[in-house]
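Please keep the structure open while reading.

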Amino acid sequence: MRIVAKFDSLDSTNRYANEELDLSQMKDFDVVWALEQYAGKGQQEKQWESAPGENLTFSIILFPSFLSPSKQFVLTQILSLAVSDYLKFMLPDEEVKIKWPNDVYVNKRKICGMLIHNKIIGEQFYASVGGIGININQKKFPDNIANVISLSTITHKTYDLETELKEVLYRIENRFNKIKGNNIKIYHDEYLKNLLNYKRKANYIYNGQPIRATIQGVNSFGYLELLTDNASQITCDIKGVQFI
């Protein structure tokens, strides 16, 4: 791990990594870390709310040149599984699940969000910048944000952020180095095993309409595969479906 830039306050660690850094000078696991990220984004341009100095908000740089661009969803699986590894270690008695595609939930409440930017040059997977936010010490959240949780609200402890950052990065490095053996199927199967609502009936909004369906899988491009109660098969991206 190498922290190449640390900020007391920054709009977005992902923006900084993508626009300000010369990635050709970076190495695997280089990190941009901000104690306050005031314009962080999640999936579908949603704002990532985080109290200054209380949580982890950082971006990690990876160079997965051993993967083809068609396999880029593996990076999503690696990062979400790595954060799950960390949270299972910290919270061994709690239920930790991945909400497709890459949010991490504890006891069905959101504790981590991610936004991953992949850089493809020609037919080569050049770099990936993974922006990660994990709720660590924050105890109070804005009234307009429901269903969230932090480590501190569960354990009633206060954590040193740099120590926790190192713990998360250790698990990302471990996962990333293992995938160099190209055993992608093992990761895919483990990702499904840890997926919220996998093989269970649940309620969703699909193209604006309520449905009841079961997650059957996630394809190699990261699209969610659903089977509805009336036996219709649906394959959708993040814009097409909403968890209820």
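In this predicted model, S8 and S12 pair in the antiparallel sense over three bridges. Tyrosine 204 stands opposite phenylalanine 243 in S12.

- Five strands make up an open sheet, ordered S11-S10-S9-S8-S12, with antiparallel pairing.
- Strand S11 (233–236) and strand S12 (241–243) stand at the edges. Each has a single partner strand, so one side of each is left without a neighbour in the sheet.
- On average, neighbouring strands of this sheet are turned by 50° against each other, direction ignored.

**S8 and S9**

- Strand S8 (residues 201–206) pairs with S9 in the antiparallel sense, over six bridges.
- Alanine 202 has alanine 213 of S9 opposite.
- The hairpin of S8 and S9 has two residues between the strands. In this hairpin, asparagine 207 takes a positive phi near 50°.

**S9 and S10**

- S9 also pairs with strand S10 (residues 224–228), antiparallel, over five bridges.
- Five residues lie between the strands in the hairpin of S9 and S10. Here glycine 222 takes a positive phi near 90°.

**Threonine 214**

- Which strand holds threonine 214? The residue sits in strand S9 (residues 209–218).
- Is threonine 214 buried or exposed? Threonine 214 is buried, because its relative accessible area is 11% and the cut-off for buried is under 20%.
- The bridge partner of threonine 214 in S10 is leucine 227.
- Leaving aside residues up to four places away in sequence, threonine 214 touches Lys199, Arg200, Lys201, Glu225, Leu226 and Leu227.

**Helix H5**

- Helix H5 (residues 184–193) has these buried residues: Ile184, Tyr187, Tyr191 and Leu192.
- Those residues cover an arc of only 135° around the axis, so they lie on the same side of H5.
- Lys185, Ile186 and Lys193 are exposed on the other side of H5.

Definitions and conventions: Residues are numbered from 1 along each chain as its sequence is written. This is a predicted model: local features need pLDDT of at least 70, side-chain atom pairs count only at pLDDT 80 or more; totals for chains, interfaces and linings use all residues. Side-chain values use heavy atoms; hydrogens and water are left out. Helices (H or I, at least four residues) and strands (E, at least two) are DSSP runs, numbered from the N terminus. Buried means under 20% relative accessible area, exposed over 50%, partly exposed in between (1.4 Å probe, protein chains only). Contact means heavy atoms within 4.5 Å. Two strands pair if DSSP finds at least two bridges between them. The arc is that of the directions from the helix axis to the C-beta atoms. Axes are lines fitted to C-alpha atoms, for helices over the stretch in contact, and angles run from 0 to 180 degrees between N-to-C directions.
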